[in-house]
Amino acid sequence: MARILIVDDSMMMRKTLRTILQRAGHIVTAEAANGDQAIMYYANHRPDLVTLDITMPGMNGTEVIKKLREIDPDANVVIVSALGQKHIIFEALQNGAKNYILKPITEDKLLAVVNMVLTHSCDSPTPA
Amino acid sequence: MRFLLDPAVRMMNRFKYVYKFALIGFLIVIQAAVLIYLLTAELNKNIDFAARERLGLVYNRTLVVLLNEAQGYRSLQYSYALGNLAAGEAAIREKQARVDAALEAVTAVDRTVGQELDTTWKLQVLRSEWDARKQETAQFGPDRANVAFELHTRWLGQIIALMQHAGYASNLALDADLDTAYLSDAVLRKLPLLIDALGQAEGLAEQLTDGNASPADKDRFLAVAGLIRSTLQQADQNAQTVFRRNERVKSGLKGLTDAVNDSVPIFVWNFEQKTDGAQGLNIPRQLLTGAGSRAIAATLALYNDELNAIEQLIDQRVARYSRDRNIVAGFTVGVLLLVCYLFLAFDMSVRKGVYQLNTLMDSAAKGDLAARGAVQSRDELGSLTRSINSMLQSLETMYEEVRESRDRLELLNQELEMKVAERTASMRNLLDHAGQGFLSFGEDLRVSGEYSAECVAIFKREIAGTAVAALFYPDDGKQQTFLEALFRKIFTEQDALLRDTYFTLLPDELIIEGSYIGVTYKTISNPGARDGQEIMLILTDRTQQRALEAEMQEEKEVLAMVVRVVTHAGDFFTTLRQYTAFCREEIPGLLSSASPAEDKLATIFRVTHTFKGTFGQLGLRNAVQELHALEGFLTKISAEGTAVRGDDVLPLLFAPYTPEKMLGWLDEDMATLKDTLGDAFFAQENTLVVDGAKLRAIEEKMERLLAPAECRQLIPALQSLRYKPFAEMLQAYPEYVMSLADKYGKMINQVAVEGGETPVDPFKYSHFAKALGHVFRNAAIHGLETPDERLAAGKVENGSVHCRILEQVDGLMVIIADDGRGIDPDRIRAIAVDKGICDKQAAASLSDAAAMELIFADGFSGADEVDELAGRGVGLSAVRSELAKLGGSLKIDTAVGRGTEFRFYLPLPNWEIPEADSLLAVAKPLLEAAKDFLVRNTGLAVGEWAHTDSPAEGKLPLRKITTFVDIKGVVSGKLVVSADEAVVRRLAAAGDSAVPLAEDKWMEGVLAQSAGKIITEALSRVPRWVDAVRAEALITILAEDASAKYPQAAALTWTLAAGPGRINLSLLY
């Protein structure tokens, strides 16, 4: 039962993610349509996990990750990406994203990745 | 105790054996030497003591001679002074010379020992006294004879004093030995005194006349006699004491002592008698003097002998001391030598043993296990040597064994190595022929030396040391860089989860040398690699699989196309016509028209797009591809600006797109359609002519190739083309029946087939339909009576044969009835017996209904079917067997004279079951699975499912906890599982859901989980649904008195009692 921030420029996508996550018992604390909103929200509320669309108008996903990690080095960020963007995904992972999901989103795929990241971050000790 | 020894032990531990023994030996010798020294010193002192006594003896031996001479001189001189001496002065002179000689002898002795005995000065005094006495000799007359006597007596006293002095100075008087002490006492005091006293008495006896002595003399004489007696007694006592203790001295001295004891008392007695003349005998003076002389001589002899005896004793003693000393020294030295000897031996034995052990162990340490120590002693060293020997023995044995087993191992190892080599070769062989390429690489991202043969086949070359990225993408530098970065990241990433994520970014299929190669990645620990990490690639050539897939896909697409074309034949042909017109007329028209190029392009694009869409719907893939390319071309020239779009440019650009070419785009698809459907399909444009068998073949192919869900969509459409109403299959029979009736002279009403519009698969039902011919035939030939018979029976002339087909829920009922004579059971029995189907008795025992069954028996029909007498029941076995193939049943209703009615029930197959029933079909396995699950997991007493009518108004009442599940796929709908809390708690207790949640959430989770398991199990019981149906949990709620609305058409609910609670299972569809 984690608090999750959804970052995606597509409203449809946000809605889909929200539905699936809430059904699985997570709390979607907020949705952000672009990187700036996401960073502002993250700074104030520190959600447990962020799902982040990697291609958004304005600030791109990798930049958002960098900013988020400046705020919180342990931020759990899961990339949401379209097929065929392996380079971008790789770049995002190198910059601190914890995992990624390829569109089209399915419930199984999304929850598996989200839960894995959450479990993993619980297991690994957080440096003080 | 031990701690007392500790310093010594520490010290001993510091020395080698040589020094240990040397130290102990030295101490022993030292103490022995000291002891010997002390002992011999003591003995020497005793010997010296005795030796000094000898000096006294020597001295006194000469002194006693002097004493004797001196007392003799005193008597002579006394006698001379008294004037009694005849010899006179010459005798005196002679006697003086003898005294001088004796004195001279004493002086001679004194010269040697005087110093020692401190006697010289006394001797000087003695000598001067003697000189004075000699001087006085002539001066004393008879009146002063007594004075001279006294002077001489005093001198004699001095001699005796000297004797005693020498005795003391020479230790003689101090001798510790009793014998010697007594004898010394006699020699030094008693006997000299006795001699002196005897001398006095002899001398005095000279003037003694019988009875003439004055009383003073008398007293003096008697005192002398008393002195003699007491001195004798004391001397004798001394001698007796010595004699009692020493036999040897006694035997030596006894005679002399006795002589003294005889002679002295006789002399004394005579002297006393002479003195006391009155009572005594008259004793002649000579006699008395003679007795005196004898007594003195005896005493003198005794004296000398006693001296000798003392000397002897001292000699003996010195000899004893010397012997003792020698014995002690000899013994001690001997023992010491022995000790040293043994000690050396001990030392040698121990050292030799120890050194031997030392050497032994050294050589053993160097590996010479055959060395043995000689056992030279029976002590601990010996047993140690023995132990070490046996230890070496066992070591040697062990070594032997070890060597043997090593040899054996070596042999085994060689075998093993051979085996391993063999295995490796066979493993390699296996890998080489596994049809997969195996290769691995480490952090250098270059292929390691070992890879399987298939790799060479895949890459068409040897690949050792080649960069993996270059192998993957030989011509794509960007991809290479990406891949290398990714691999590096995988090697360096510490976070396992992230590493796994990176793995998913790796390509899982590559095109290498024109082949599709599937790639699987594995991290392996290779001890040979530098840091132990390697990535192994498993390459699988999927080209064939891909080709097969593509083929399958194509087949599917072709099928889809065929079905769509057939089912939408009208659309198809219209589109075809329109497209032909478009290609042949519209495009050329448009291009040559005066409208602006942009409009032309737009129009062509729009129309092309529409055709693309329409052909797409129909599934003409090749046409769609070509049109898509054309679209691309149009888009391109639209984008290239006005220059291209000039009026004269456009036709030029379109020159390659001739009508023939564009129509040709359809050829491939058309050929496929013709192959599948037959040429006839295209012969008449507006009429669909497809061979039913071709359709059936297509259908079978679809069932084989397509997923059930796809079949659902396509097959009904196709079936609708091929299926015929069942009545249609019977449409020939009315005519047939009427012609038969006519032939057999029966009158009959118009025969018709009623109902039966349900389309059925003609292939499936045609055999049965043909078999029904027997029934119609029988009805016409045997069932109906002739008009005459009918009239006779009071019936109308015209008989009737009816055929009705009723549609039922899951099948068809075919009824064929006549109003003829009916079937007589007895006649059936008779025929059965006649035909040998059963014996008479069996036939008689059959009931009428059972007998009626006999008409369907094999052999009941046959060669006699035209036999008029045989009656009904010909060929019906064929009907029954066809009916059985379809899973149907039949019923005969007959009455003699009234007619016969056959009812055939035909079930229809699943495809024809309405969709709603499909979900219902899930119900049974679902209910069973749920019950089994509850029994298994709660241990509660579980009852039977009971169907509950759902209340109206589309409301579904719920129990405390409810979970909704969406079921999708071949069947779809919703499943609602609703249970009382008690049931859920039991489920929870059995489950493993230990997640600490709020209780509500927790129970919801348990029920949702259980529902999931039930559905999975239920679906697994219907094999064809395993992949075709998917269940998706929607929501789980916990609420009292809740209900759910269901807009769907229907809801079915079952209830089951489980222990204290109940569980509901509802299906919404």
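Mentor: Of the 128 residues of chain A, 37% count as buried, where buried requires 20 or more other C-beta atoms within 10 Å of the residue's own, exposed means 12 or fewer, partly exposed lies in between, and C-beta atoms are placed from the backbone. This is a predicted model, in which local features need pLDDT of at least 70 and side-chain atom pairs count only at pLDDT 80 or more, while totals for chains, interfaces and linings use all residues. Residues are numbered from 1 along each chain as its sequence is written, and chains are lettered from A and ligands numbered from 1 in the order in which they are written.

Chain A has five helices and five strands, in the order β-α-β-α-β-α-β-α-β-α along the sequence; these elements are DSSP runs numbered from the N terminus, helices being H or I with at least four residues and strands E with at least two. Among the contacts in chain A with a separation of 6 or more, 59% join residues 24 or more positions apart, a contact being two C-beta atoms, placed from the backbone, within 7 Å.

Now the packing itself. A nonpolar core is a set of buried Ala, Val, Leu, Ile, Met, Phe, Trp, Tyr and Cys residues joined through C-beta atoms within 7 Å. The largest one holds 73 residues, and those touching the most other members are Leu63(B), Leu67(B), Ile159(B), Leu194(B), Leu198(B), Ala201(B) and Ile228(B). Two or more residues come from each of α2 (17-82), α3 (89-117), α4 (120-136), α5 (145-169), α6 (178-204), α7 (215-245), α8 (247-275) and α9 (285-365) of chain B. With 14 residues, α9(B) gives the most to this core. Leaving out residues up to four places away in sequence, Ile159(B) touches Leu63(B), Leu66(B), Leu67(B), Ala70(B) and Leu126(B).

There is also a second, separate core of 54 residues, which includes Ala2(A), Ile6(A), Ile458(B) and Leu498(B).

As for the contact between the chains, nine residues of chain B meet eleven residues of chain A. On the side of chain B that touches chain A, α13 (477-492) and α14 (496-504) of chain B each supply at least two residues. That side comprises seven nonpolar residues, one polar and one charged; here Ala, Val, Leu, Ile, Met, Phe, Trp, Tyr, Cys and Pro count as nonpolar, Asp, Glu, Lys and Arg as charged, and the others, Gly among them, as polar. In soluble globular proteins, nonpolar side chains tend to be buried together.
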